[in-house]
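Please read them with the structure open.

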Amino acid sequence: MDASIPGIHHITAIAGPAPESLNFYTTVLGLRCVKTTVNFDDPTTYHLYFGDATGRPGTILTLFPWAQAVPGRAGAGMATAVAFAVPSGSLPAWQDRLEAAAVETHLAERFGAPVLQLTAPDGLPLELVATDLALSADAWAGADLDRDLAIRGFHGTTLPALDRPHTEALFTDVFGWTRTHATDDRIRLAAPGRPLGGTVDLQTDASHAAGRMGQGTVHHVAFRARDADEQRAWQAALRDRGLSVTDVKDRQYFQSIYFRDPAWTSGVLFEIATDGPGFTADESADALGTALQLPPWLEARRSELEAALPTLER
Ligand code: ZN
């Protein structure tokens, strides 16, 4: 098809205890918790969504806080880092802010741009990439964060390339992305127009060791479809490519399809999610994330689930 995938929609990771994650992502990183709901497949655990003021596609980090899970280890089939875009020139201030919060940082350089690397309390590798992406009026500056520093959304993610030509071709031949940079150990692919979340780095030196799903690992990476028609077209295009793609699933705030690439069990779990209906589907923009939202089929179990879930202080 002629259209291209306009970027990452959301990234979902397995986290440690919910109260600790809520505090880190809102108070330290200054993101907004835009939805407090449960994991629809395991409703006695939370599913927390963080993003900009309204949780636009391209800004959404979602967490499954599994307090009982063992620490994970990134490896084959898992994204190895989540990168957020911050304004050019803001990294020294971020470094000060993170160090004041007892978060260790490491300043690196990639393709000529500075990257501040850090680790979430549960072990998830995070990066802040200084870019000249257009500043968004919608940026959320939670806690005491200066709006000039605020995270704008995703810069991208890093994927170990088990079969580099195959995965690169998925992005270039199917998604309509282009290769913009390459070194011996890393290839950068970008969506047309440099949108938020429009970058994926393929790590070509990955050891391909098996990972272990657990706290601090990425569960899946979701890309955007602007609407249901586009999503159906992607589903058909991926099936034409021989990939096994799920039927459309209702995720309340978007509709989703899932597939692995390469199609082996060790391929990365990808999702394609629709931009709508978004997080104001069940609560007002002002109130986003402040109260537990349940899908209609779980409302009857509200009191039981509320008793099972840890209390979140806001
Ligand atoms: Zn997802």
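1. Glu168 is buried, since its relative accessibility is 8% (buried means under 20% relative accessible area, exposed over 50%, partly exposed in between, with a 1.4 Å probe and protein chains only). Its salt-bridge partner is Arg164, with the closest N and O atoms 2.8 Å apart (a side-chain nitrogen of Lys or Arg within 4 Å of a carboxyl oxygen of Asp or Glu), and Arg164 counts as partly exposed at 30%. Both residues belong to helix H3 (residues 164-174), four residues apart, about one turn of the helix; helices (H or I, at least four residues) and strands (E, at least two) are DSSP runs, numbered from the N terminus.

2. This is a predicted model, in which local features need pLDDT of at least 70 and side-chain atom pairs count only at pLDDT 80 or more, whereas totals for chains, interfaces and linings use all residues. Residues are numbered from 1 along each chain as its sequence is written, and side-chain values use heavy atoms, leaving out hydrogens and water.

3. Asp275 and Arg224 form a salt bridge whose closest N and O atoms are 2.7 Å apart. Because Asp275 lies in strand E16 (residues 268-277) and Arg224 in strand E13 (residues 217-225), the pair ties together parts that are 51 residues apart in sequence. Arg224 is buried at 17%, while Asp275 is partly exposed at 22%.

4. The structure holds 17 salt bridges, and Lys35, Asp282 and Glu283 are linked in a network of them.

5. In the largest nonpolar core, which has 73 residues, Tyr25 and Leu29 touch the most other members (a core is a set of buried Ala, Val, Leu, Ile, Met, Phe, Trp, Tyr and Cys residues joined through side-chain atoms within 4.5 Å). Helix H1 (residues 18-28) gives the most to this core, with five residues.
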